Amino acid sequence: MSRIRSAASTALDRRTLLVAAASASAATGLGLAFGPGSGSATASQPAQVRAAGRRVATAPALPSTAGTTLETFSAPRGGGSYRRLGDGPAWARTVRTELAGAKSGREARRTTLASFVQLTDLHLTDVQHPLRYEFLRAGRPGSWRPHEALTVVGAASLIERVGGLRGGPATGSPLSFVMTTGDNTDNNARIELDWFLGVMNGGRITPNTGDPRHYEGVQNSGIKAFWHPESALRDADKQLGFPRVDGFLQAALRTVNSPGLRLPWYSTIGNHDDLAGGVYSFGGNYFADLATGSRKLQIIPAAEAAERFKDERKGGDPTGKVMKELLRAHAKDMRTVTPDERRAPFTRRDFLAAHLDPAHTGPGPVGHGYTKANLDEDTCYYSFRISDDVLGISLDTTDPGGHYTGSLGTAQLRWLERTLKAHKDDRILVFSHHYSRSMDNLNRDPARPGEARHGGDEIVALFKRHPQVLAWINGHSHKNEITPRGTFWEITTASHVDFPQLARVIEVVDNHDGTLSLFTTLIESAAPRRTDHSDLSQTGLAALYRELSYNAPGRSQALAGDPGDRNTELLLRKP
């Protein structure tokens with residue numbers, strides 16, 4: 001594998017970027033922003049993309065590494081089993097030439113085609129929700145995260161970081177939009193969907209359900225398998241050095257102020273948005289009643305938990321039949337909690353309707369990529385215009401038949417083929433939640449039992465037949481990984497719930513020498529790296545969110561990826 005390190009310098013001409021004149025963000029240097037209702041093509045419009053309006057050229061700022069991992073990255077300090085964080089060494093940019101050679105002088109010739117931010121796997125979590133699978137923790141430590149109560153605080157801090165970026169770190173070009181690539185919520189609960197839309201658009205979010213005055217979850221249960229931040233209980237996490245933080249639970253449920261994005265943003269659905277626990281396709285009154293009801297299972301024996309987790313990973317219970325039997329068998333072990341109708345599961349139609357609600361438009365566009373046609377047809381895939389020369393495609397890779405891995409139904413695959421054929425002269429960026437190797441789920445959609453499902457290998461082969469596809473950008477694995485796919489790059493980005501809690505800036509440039517470059521730059525949230533366990537302000541909690549995620553028992557040490565999966569310049573031949 002040929003990789004060459006390079007400085008992130010560039011010169012750009014007046015053709016560099018096109019910006020919607022009507023966009024309020026253009027005045028603040030935020031870039032290619034399309035107003036509400038623009039630039040979206042649905043499943044009913046495969047061959048046409050609506051015009052984004054009159055556009056004018058803007059001059060880029062100088063490239064800046066400020067706020068990126070090119071400047072510094074969180075690193076552990078001190079010894080012991082529980083580590084504090086501080087400023088660590090920067091992650092250098094790696095040039096990858098597997099798909100095309102790097103020609104000298106390209107820095108002076110470049111013009112920017114697209115510049116945007118990818119967020120993925122926020123997992124905004126109602127930690128008091130009755131239908132969660134934290135009860136597996138005795139047999140699988142990673143089944144519950146000690147920092148989950150702070151997901152909304154952490155997401156708001158990430159939005160703050162995006163708002164503070166000075167443009168593309170490699171080119172200085174104004175950022176034009178933000179794309180989420182799924183698992184925006186964790187429990188498929190309506191209240192979590194409300195929190196997600198509130199965080200993205202800005203406003204006050206209170207991450208509390210049930211009793212408005214008291215926390216009712218595993219962190220005050222007295223069960224030693226969970227971290228009890230306000231108790232002297234010598235729980236399993238405190239034995240690993242986790243601190244006592246008095247006032248933590250009340251602070252974690254306090255109202256959060258999100259600054260909201262100032263850029264247009266687009267949405268992609270993930271398995272945690274569409275399936276219970278990200279796994280189960282079950283329906284019916286039993287599970288809905290459990291989600292909104294007054295009984296919550298908190299723990300089961302370790303051996304049973306380990307066996308249940310192993311079965312779940314194999315995908316042998318996509319409709320939740322075994323899970324239903326388990327919950328019924330442990331009915332007597334459940335804790336009484338305050339019921340809350342806001343915890344009800346949402347359907348894909350609910351997901352679409354919430355995005356299309358005018359109250360959730362924020363910086364736009366209306367629907368955040370989804371349109372009324374999506375709602376009418378119950379589809380969660382669409383295309384949208386990024387710039388004159390670049391088209392975006394958002395796919396729905398969740399399998400409604402159940403299990404956490406993905407696939408496409410035949411109708412969506414045929415729509416994708418038509419869209420690619422209709423845009424042979426465009427450069428195309430594809431977005432989805434699942435990455436190609438995780439798309440091996442052929443469970444039939446209960447709503448379309450006669451429709452076949454199609455896996456990742458088939459999608460990769462399709463993209464190779466259409467060299468205008470530059471990149472397939474996704475998440476799901478919670479790990480940074482960039483893979484050459486012959487004619488395009490597959491860019492998989494780590495989550496913002498598991499350490500290292502990252503998002504990615506992506507810049508697409510024409511080198512005017514027969515090659516294109518995709519620059520990828522990772523960013524952390526705006527929270528300080530050093531924590532003060534007595535600081536329970538929103539900023540202090542955001543810093544603690546990162547520190548706790550670093551120390552979470554069972555976390556993978558490999559999620560940051562290798563240097564070639566982080567800050568990169570990815571060369572490819574110009575189609």
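Modeller: Let's take contacts to begin with. This is a predicted model. Among contacts with a separation of 6 or more in the protein, 77% are between residues 24 or more positions apart.

Biologist: How many helices and strands does the protein have?

Modeller: There are 13 helices and 25 strands.

Biologist: And what share of the residues counts as buried?

Modeller: The protein has 575 residues, and 63% of them count as buried.

Biologist: Pick a helix. Which residues in α6 are buried?

Modeller: Helix α6 runs over residues 285–292, and Phe287, Leu290, Ala291 and Thr292 are buried there.

Biologist: What covers those buried residues of α6?

Modeller: The cover includes strand β13, residues 295–296, and helix α8, residues 321–329.

Biologist: On to the backbone. Where is there a cis peptide bond?

Modeller: One joins glycine 364 and proline 365, with omega at about -10°. Proline 365 sits in the loop between α9 (348–356) and α10 (372–377). Another cis peptide bond links phenylalanine 499 to proline 500, and its omega is about 25°.

Biologist: Which loop holds proline 500?

Modeller: Proline 500 is in the loop that lies between β22 (489–492) and β23 (503–510).

Biologist: Why point these out at all?

Modeller: Because most peptide bonds are trans.

Biologist: Then what is phi for histidine 403?

Modeller: Histidine 403 has a positive phi, near 90°, and is not a glycine. Its place is the loop between β16 (390–394) and β17 (408–409).

Biologist: Is histidine 403 buried or exposed?

Modeller: Buried, because its relative accessibility is 9% and the cut-off for buried is under 20%.

Biologist: And histidine 476, what is its phi?

Modeller: Histidine 476 also is not a glycine, and its phi is positive at about 80°. Look for histidine 476 in the loop between β20 (469–474) and β21 (481–484).

Biologist: What relative accessible area does histidine 476 have?

Modeller: Its relative accessible area is 13%, so histidine 476 counts as buried.

Terms used
Residues numbered from 1 in each chain as written. Predicted model: local features only at pLDDT ≥ 70, side-chain atom pairs only at ≥ 80, totals over all residues. Heavy atoms only, no water. Buried < 20%, exposed > 50% of the residue type's maximum accessible area, 1.4 Å probe, protein only. Helix = DSSP H or I, 4+ residues; strand = E, 2+ residues; numbered from the N terminus. Contact = heavy atoms within 4.5 Å.
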